[in-house]
Structure formats: structure tokens, C-alpha cells
Amino acid sequence: MDYEHDENCPLVLINVDGLTQVLLNLFRNAIESMEDGGVLSVQIRHHTENGTVHIRIKDTGRGISPQQASQLFDPFYTTKQKGTGLGLSISQQIVEEHGGTIEVDVTQPQGTAFVITLTASVSKP
């Protein structure tokens, strides 16, 4: 796993259990998409121009089509044989309860990336 973060990233007020559920869901989906191994990357960036923090989770797995991407957050939509199709819709709901957004980026040459955008709460002490 690759991990990068801004040293001066401000704090974000979150429900730890809720955001943990979102991250674990994204990590599990990424790992399952990399059937033959790959790289899971997490980047945390502060965008000072609009006061947001972006958490980007990217994998080097099989990727998804733009058509699939447009349905990913729909309840009960799944690309897995044993999936329920609720993980990403619940994740979206949790992120939105934090006043944020979650988007999928399918412009990657390989794999898939999800970007969670949250509003910075206070400066880093």
C-alpha cells in the first residue's frame, strides 16, 4: 500500500465509526478488484483554495466502465457475484452526512479511484 498526505493538512470533524466504514468498504472493493495483486494507494491532500480535504483511494485493479461508474452508488447495484450492492450507496450516504462528496474517477489508465471531499474544520495545531 502506498500512502501520502500533506504535512499541514487541517483537521476535519468526522464520525470516526462512519468514516472508518467508508474507508474499509473502499479498501475491500479495491483489494477484490486486484485479483492478481496490485497497488492500493491512499492520498490525502488539502486544497487551500476552497478549504477542502481530499482523500483519494486508488487501485490498479481491473477498472470499471463509465456505464458501471454511473450506477455504482445506486442501491442494490453490484458488479460482484456475491455482492449486495449496498456498500457504496451506504458509503455515499455517510460521506454526505459529513457534508462531503464521494466520486469515482474512471479516467485512470488502469484501475479505479474514489475521491472523498470533506470540508476542513480547523487548522492543524
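1. Basis. Residues are numbered from 1 along each chain as its sequence is written. In this predicted model local features need pLDDT of at least 70, side-chain atom pairs count only at pLDDT 80 or more, and totals for chains, interfaces and linings use all residues, while side-chain values use heavy atoms, with hydrogens and water left out.

2. Fold. The protein has three helices and five strands, in the order β-α-β-β-α-α-β-β along the sequence. Helices (H or I, at least four residues) and strands (E, at least two) are DSSP runs, numbered from the N terminus. The radius of gyration is 15 Å, close to the 14 Å of the globule rule for 125 residues, so the protein is as compact as a globular protein of that length. That radius is taken over C-alpha atoms, and the rule is 2.2 Å times the number of residues to the power 0.38.

3. Extent and surface. The C-alpha trace spans about 45 × 25 × 25 Å along its principal axes. The accessible surface is about 7,600 Å², and 52% of it belongs to carbon and sulfur atoms (Shrake-Rupley method, 1.4 Å probe; for residues, only the protein chains shown count as cover). Of the 125 residues, 34% count as buried; buried means under 20% relative accessible area, exposed over 50%, and partly exposed in between (1.4 Å probe, protein chains only).

4. Contact range. Contact means heavy atoms within 4.5 Å. Among contacts between residues at least 6 apart in sequence, 66% join residues at least 24 apart.

5. Helix H1, geometry. At 1.5 Å a residue, the 18 residues of H1 (residues 16-33) should span 26 Å, and the end C-alpha atoms are 26 Å apart, which agrees. The expected span is 1.5 Å times one less than the number of residues. At the start of H1, a side-chain oxygen of Asn-15 comes to within 3.0 Å of the backbone nitrogen of Asp-17.

6. Helix H1, faces. The buried residues of H1 are Gly-18, Leu-19, Val-22, Asn-25, Leu-26, Asn-29, Ala-30 and Ser-33. Seen down the helix axis, these buried residues fall within an arc of 130°, so they line one face of H1; the arc is that of the directions from the axis to the C-beta atoms. An α-helix has 3.6 residues a turn, so residues three or four places apart point the same way. The face turned away from the buried side carries the exposed residues Val-16, Asp-17, Leu-24 and Ile-31. The buried residues of H1 pack against strands E2 (40-47), E3 (52-59), E4 (101-105) and E5 (113-119), and against H3.

7. Helix H3. Buried in H3 are Leu-88, Ser-89, Ser-91, Ile-94 and Val-95. The buried residues of H3 pack against H1, E4 and E5. Gly-99, which follows H3, has a positive phi near 80°.

8. Phe-76. This residue lies in the loop between H2 (66-69) and H3 (87-97). Phe-76 is exposed, at 62% relative accessible area, and has a positive phi of about 75° although it is not a glycine. Beyond neighbours within four places in sequence, Phe-76 contacts Thr-84, Gly-85 and Leu-86. Phe-76 and Leu-88 are 12 residues apart in sequence and 9.4 Å apart, C-alpha to C-alpha.

9. Thr-117. Located in strand E5, Thr-117 is buried, with a relative accessible area of 16%. Not counting residues up to four places away, Thr-117 touches Thr-52, Val-53, His-54, Gly-100 and Thr-101.

Technical notes: A polar contact is a pair of N or O atoms within 3.5 Å; within protein, one must be able to donate a hydrogen and the other to accept it, and residues adjacent in sequence count only if both atoms are side-chain atoms.
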